[in-house]
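Student: Please take one part of this model and look at it closely. After that, go through the other parts in a connected way.

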Amino acid sequence: MKYIFFILIICSSGRVQASDYYISLQSADFTLVTDVFFSQRLDFNSLPENKTVNLTYWGSSPKAEIKYNGKSLFISGHDNEIEQVHLEFNQKVKTITFNIQLNPVRYNKEYIQEHIGKVSVETPEVYELNNIILALFDKFYHANYKMYSKGKYYSDVLKWFSPFKDHEIFKKLDNVDYYSFVENGPAYVFNGDKIEKSSVYKSFRAVDVIKDNITLLEDFAKKSNFKNFYQQHDEYYLKLSNVFQLGAQPKNIWQWLESHFPARYQSYKVFFSPLGSGNNSSRMYANNGFNESIMFIVAPNRYENEKEDFSIQSIKFTRSFFTEIDHTYVNPTSDKYIDDINAALVDLKPWYKGGGYNKPYLIFNEYMTWSLFSLYAMENYSRQEYLFIKKYTEDFMINKKGFYQFKAFNNELIRLYNNKSAKEKITDLYPSIINWIKNNSKST
């Protein structure tokens, strides 16, 4: 077997920078760090022959670092969307492939003028096409992402598109990654029957499943007459947007968050689908002097319930929006306290049941983003509504998400907030709440 050896430039500090890499390990153990904060110890012997790491752009250019032999190899992409590191140990070679999301957006003057100071709520065509495909995909609906399957809209989808479930697109997308398929939808637009890249957004995930399946997606859309379906339901998408704007009052949330955090955005962009599965995410894009906070959330129809007043329904979808958008304020502040957070949350078990948040930084941010909604509710809802929101979020976080100490955390942050001086912001409470976690970690 032949291997290509690349020349590495090793600085006096032990750091290595290059565009393609081949490194020889002196021992099987090495460390992979992604996005600065997420570190994992790896063993060469247990690695697959080819390991893939996806680096998504959340608010800055994604980076990775491999620590080995007392040195550091930095992966940052530059102009390469795919970079490979070939590791050699005991005359064997294994490869780590990094998919890197680069330069995800282009804001021109027209876009900036149209969106500055606005909250835009959209259900884009290609995005909705992909949601419909996954909703029809029985395997994904039943086993993985739980696409929303109630209401007239879902019935309309089944009636219109079920005759086309034997289309090749369903075979090709078996085991497709939800995020790479759905969240990249707004980075594409229809031009007639053709699907093209957006002039604004280049991507929303490091891996783009759409670009390799455009021909099949175009064919499915044409044969199923998707565009006609979408046009017939355009008023419904607009209705959901209006319900969200009225119920959530996103501009009030925007103003409140920026009164407490240093982050500043000139635009909010919200994407949702009536079929949305509840896999929310947010990111921060900046280009041409324009900052935009972008989020994928569930649509208000997911909270429709004949047994509840609209005020309760609106509180619930406002919570969904708030606890996603505030990540774009909380996370940058948490970045400054990463060492303190790691020191406070040494043992995660008393704080979290285990799962997708198994890092001190991620756990802290979930506690913080959800607790902020209680602080916001104190000042923007009636006393009765505030008490409902407090209990609702505490029950949800503890019983559904498994963050065991959330009620105690929430009470402490509320206490700190009520006792702060008029000049203090929520960012000023970080040292105190982190210290509280540290002290309670010892006693738990």
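Tutor: **The second largest pocket**

The second largest pocket has 18 lining residues, and nearest its centre lie Glu81, Ala206, Val207, Asp208 and Lys211. (A pocket is an open set of points on a 1 Å grid over the protein atoms alone, where a 1.4 Å probe fits, with protein on both sides within 12 Å along at least five of seven lines; lining residues have an atom within 4 Å of a point.) The model is predicted, so local features need pLDDT of at least 70 and side-chain atom pairs pLDDT 80 or more, while totals for chains, interfaces and linings use all residues. Residues are numbered from 1 along each chain as its sequence is written, and side-chain values use heavy atoms, without hydrogens and water.

The space in this second largest pocket is about 350 Å³, taken as that filled by probe spheres set on the points. Its lining has eight charged, seven nonpolar and three polar residues. (Asp, Glu, Lys and Arg are charged; Ala, Val, Leu, Ile, Met, Phe, Trp, Tyr, Cys and Pro are nonpolar; the others, Gly among them, are polar.)

Four strands form an open sheet with mixed pairing, in the order 11-14-16-15. (Strands, E, of at least two residues and helices, H or I, of at least four are DSSP runs numbered from the N terminus; a pair needs at least two DSSP bridges.) Strand 11 (118-122) and strand 15 (281-287) are the edges; each has a single partner strand, so one side of each has no neighbour in the sheet. From one strand to the next the twist averages 20 degrees.

Within this sheet, strand 14 (residues 267-271) and strand 16 (residues 290-296) are joined in the parallel sense by five bridges, and Val270 has Met295 of strand 16 as its bridge partner. Helix 10 (residues 250-258) lies across strand 11 and strand 14, at about 130 degrees to strand 11. (Axes are lines fitted to C-alpha atoms, for helices over the stretch in contact; angles run from 0 to 180 degrees between N-to-C directions.)

Strand 7 (residues 64-68) and strand 8 (residues 71-75) run antiparallel, with five bridges. Ile66 is opposite Leu73 in strand 8. Two residues separate the strands of this hairpin, and Asn69 in the turn has a positive phi of about 50 degrees.

Lastly, the axes of helix 9 (residues 234-248) and helix 11 (residues 310-325) come within 9 Å, crossing at roughly 90 degrees. Helix 9 is therefore roughly perpendicular to helix 11, a label for angles of 65 to 115 degrees. Residues in the contact (heavy atoms within 4.5 Å) include Phe244 of helix 9 and Phe317 of helix 11. By class, this contact has six nonpolar, three polar and no charged residues.

Notes. Parallel < 35°, antiparallel > 145°, perpendicular 65-115°, else oblique.
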